[in-house]
Amino acid sequence: MNAKVACGAGLLGAMALLAGCKTTGELVVQDGVGITAVRSTCPAVGIADYTGDITTFRLGGEQNASAIDLTGAITNVRSACDPKSNPVQANVTFKVLATRADGRGERVVNLPYFITVVRGGNVVIAKRLGTATVHFADGQTRGEVMASGGATINKADATLDRAVRDRLLKQRKAGEADAAIDPLTDPEVRAAVAKASFEVLVGFQLTPEQLQYNGTR
């Protein structure tokens with residue numbers, strides 16, 4: 001599962017480790033090639049691909065714009081996390097926006113969502129379901145509600161092995177034999193970084209038809 005990752009909660013993967021968000025815990029390059037800071041144990045947060053939107057259609061209608069009953073979108077994903085805590089607890093909040101085509105009458109809409117914890121970019125280790133309830137007043141076509149969830153991660157699992165950390169932090173000056181060698185090109189280092197990298201992904205709990213529709217939009 002790929003993610004549209006939001007800055008501010010952590011770093012994921014080799015690219016994020018080298019060019020991630022400008023926050024404490026970022027890996028940066030200074031004085032040559034050496035990396036001078038360490039990654040955070042807090043997970044990255046984001047929206048799982050193709051699940052950040054939901055579209056429902058009128059009963060008996062075709063799946064086209066003229067038959068849309070309601071659309072929803074997840075936005076403003078945020079995380080609060082203390083990297084020093086053990087276990088690491090990430091509290092995630094996000095906003096659910098909904099728009100209905102027909103504003104007549106009051107209406108209550110329940111939109112199911114999920115929160116998953118993913119390790120190494122593709123291994124789901126936990127999943128929780130929730131419901132965002134949006135209330136529409138008579139004549140109102142747009143509504144919104146805040147939703148939240150959390151994830152608990154063993155700090156040891158999210159911490160890089162000392163030997164790998166030392167390799168990443170080693171200062172390498174121009175002219176030295178390994179100055180031009182990126183430690184992340186080593187398969188063992190990449191695997192260790194991936195194993196210690198976690199994401200908290202949110203999205204709508206879609207039907208197969210809704211997921212297919214999102215993939216073809």
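Start with the whole chain, coloured by secondary structure. The chain holds 4 helices and 9 strands. Helices here are DSSP runs of H or I with at least four residues, strands are runs of E with at least two, and both are numbered from the N terminus. Read from the N terminus, the order of elements is β-α-β-β-β-β-β-β-β-α-α-β-α.

This is a predicted model; local features need pLDDT of at least 70, side-chain atom pairs count only at pLDDT 80 or more, and totals for chains, interfaces and linings use all residues. Residues are numbered from 1 along each chain as its sequence is written, and side-chain values use heavy atoms, with hydrogens and water left out.

**Colour by confidence**

The chain averages 79, and 72% of the residues score at least 70. Now select residues 1-38: their pLDDT is below 50, yet beyond near neighbours in sequence this stretch has 95 contacts in the model. A contact means heavy atoms within 4.5 Å. Where pLDDT is low, the predicted coordinates should not be read in detail.

**Show the surface**

Of the 217 residues of the chain, 39% count as buried. Buried means under 20% relative accessible area, exposed means over 50%, and partly exposed lies in between (1.4 Å probe, protein chains only). The accessible surface comes to about 11,900 Å², and 52% of it belongs to carbon and sulfur atoms. That area comes from the Shrake-Rupley method with a 1.4 Å probe. Among contacts between residues at least 6 apart in sequence, 67% join residues at least 24 apart.

**Select β6 and its partners**

Pick β6 (residues 107-119) and β7 (residues 123-136). They pair in the antiparallel sense over 13 bridges. Two strands pair if DSSP finds at least two bridges between them. Find L111; A132 in β7 stands opposite. The hairpin has 3 residues between the strands, and among them G120 takes a positive phi near 70°.

Which residues does R119 face? In β9, R119 stands opposite F198. In β7, the bridge partner of R119 is V123.

**Stay on β9: G203**

Select G203, in strand β9. G203 is buried, because its relative accessible area is 0%. Leaving aside neighbours within four places in sequence, G203 is in contact with T51, I74, Y113 and F114.

T51 is found in the loop between β2 (44-48) and β3. Is T51 buried or exposed? T51 counts as buried, because its relative accessibility is 9%. A polar atom of the T51 side chain lies 2.8 Å from the backbone oxygen of A48. Beyond four places in sequence, T51 has contacts that include F114, G203, L211 and N214.

**Follow N214 into α4**

Select helix α4 (residues 208-216). Its buried residues are Q210, Y213 and N214. They cover an arc of only 100° around the axis, so they sit on the same side of α4. The arc is that of the directions from the helix axis to the C-beta atoms. An α-helix has 3.6 residues a turn, so residues three or four places apart point the same way. The buried residues of α4 pack against β3 (53-57) and β4 (68-81). Turn to the other side of α4: P208, Q212 and T216 are exposed there.

Most residues other than glycine have a negative phi, and most peptide bonds are trans.

- Y50, in the loop between β2 and β3, has a positive phi of about 70° although it is not a glycine. Y50 is exposed, with a relative accessible area of 51%.
- N76, in strand β4, has a positive phi of about 55° and is not a glycine either. N76 counts as partly exposed, at 37% relative accessibility.
- P87 lies in the loop between β4 and β5 (88-100). A cis peptide bond joins N86 and P87, with omega about 5°.

Note on methods:
A polar contact is a pair of N or O atoms within 3.5 Å; within protein, one must be able to donate a hydrogen and the other to accept it, and residues adjacent in sequence count only if both atoms are side-chain atoms. pLDDT is the predictor's confidence in each residue, from 0 to 100.
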